[in-house]
Amino acid sequence: MRKRTEPATLEHERYAASDSSSSGSAAAALDADCRLKQNLRLAGKGPGEPRCAADAGMKRALGRRKGPWFRLRRIILCVLGLYIAIPFLIKLCPGIQAKLIFLNFVRVPYFIDLKKPQDQGLNHTCNYYLQPEEDVTIGVWHTIPTVWWKNAQGKDQMWYEDALASSHPIILYLHGNAGTRGGDHRVELYKVLSSLGYHVVTFDYRGWGDSTGTPSERGMTYDALHVFDWIKARSGDNPVYIWGHSLGTGVATNLVRRLCERETPPDALILESPFTNIREEAKSHPFSVIYRYFPGFDWFFLDPITSSGIKFANDENVKHISCPLLILHAEDDPVVPFQLGKKLYNIAAASRSFRDFKVQFIPFHSDLGYRHKYIYKSPELPRILREFLGKSEPEHQH
């Protein structure tokens, strides 16, 4: 009995022991399984994900903080490099300076047909083409006095040419750089002068507008001389005045000096917004502000102008001009500084060549807002022209 009980007891203990060990094994297996699943979940992102994510986030934050500064620094370096390179580029290629002075490649307003001045409100204007030289053709507009506008409708070029011999005086207008003879402010001036009873003849220099050829100071002056002679051949005894604006004042004084030297001066010279010479004007121009104190400014920027044969020496020309001179300049002119016009007047007034002719300087106060090209708006302009062009006695006045 004891023997049977003992084996049963031992069997029971072994069963209990085996059951206990199997429970421990199951728990251990369950723990291992849980750890495996956790590791598998972590393995999906990579064992180092939390640290890498934190590092990446920190780098992105730093990138956001440093990115704009790095971009700004890169932009500053590029601008600085360009700023330094431009003077050397202009020195090596003087033709760039010539293009910047003439700006003949700038056509404003765009998309207008220069063959049709009536599209600009000039319904008493004829478009011509003249040929100063064999390979050069220039476009010309001739606006007759407003009082004749009805008679002018449907008339041809010959009628307009014959009209130059009428009793109305003639103004040869020499425009400034950029744009064409159809520029807005220029057209408005033609209308004003036409309403005052003047013929207005204007043209685009070679290389401007629809005129052929390559721009140069010599060529521009020769074009003006050709048009002047063309007018004189048709105008009889009518007075012919020359009006230059901005860069056109350089062409005007070149022309009038040559006319005076050959003893065929115009009846008067009108300079609107003039400068002394192209070097001083280039140095005073707003575009030169950022380089005005650049080391070697004259050598880099002004000498290439001279080497290109561009002088427009108004200050020298007025010493050889013998005809009445009227200078108009706005105090708030941002392109040609007022003091350059006043300086030119002082040179002319002191010149012996004007001792028998009147020289007058008319300033326009800055409050009027006429700036560089709106003097035509002045209600005083008709009176100024009438009084100046109607007198003949020598006079120097401010």
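Which helix supplies the largest share of the lining of the largest pocket? Keep that in mind while we walk through the protein. This is a predicted model, in which local features need pLDDT of at least 70, side-chain atom pairs count only at pLDDT 80 or more, and totals for chains, interfaces and linings use all residues. Residues are numbered from 1 along each chain as its sequence is written, and side-chain values use heavy atoms, with hydrogens and water left out.

Start with the whole. The protein has 13 helices and nine strands. Both are DSSP runs, numbered from the N terminus: helices are H or I with at least four residues, strands are E with at least two. Of its 398 residues, 43% count as buried. Buried means under 20% relative accessible area, with a 1.4 Å probe and protein chains only. Now take contacts, meaning heavy atoms within 4.5 Å. Among those with a separation of 6 or more, 76% join residues 24 or more positions apart.

Next, look inside. A nonpolar core is a set of buried Ala, Val, Leu, Ile, Met, Phe, Trp, Tyr and Cys residues joined through side-chain atoms within 4.5 Å. The largest one has 65 residues, and Phe-102 and Leu-172 are among those with the most contacts inside it. Phe-102 touches residues beyond four places away in sequence, including Trp-208, Met-220 and Phe-312. A second, separate core has 29 residues, Phe-364 and Leu-389 among them.

Now zoom in on Cys-126. This residue is found in strand β1, residues 125-133. Why does Cys-126 count as buried? Because its relative accessibility is 12%. His-142 is 16 residues away from Cys-126 in sequence, yet their C-alpha atoms are 5.3 Å apart. Leaving aside neighbours within four places in sequence, Cys-126 is in contact with Val-140, Trp-141, His-142, Gln-157 and Tyr-160.

Finally, the pocket. On a 1 Å grid over the protein atoms alone, a pocket is an open set of points where a 1.4 Å probe fits, with protein on both sides within 12 Å along at least five of seven lines; lining residues have an atom within 4 Å of a point. The largest pocket has a volume of about 1,000 Å³, volume being the space filled by probe spheres set on the points, which are joined across faces, edges and corners. Its lining has 39 residues, and Leu-100 and His-285 are among those nearest its centre. Several helices supply at least two lining residues each, including α2 (49-92) and α3 (95-102). The answer to the opening question is α10, with four residues.

Note on methods: Buried means under 20% relative accessible area, exposed over 50%, partly exposed in between (1.4 Å probe, protein chains only).
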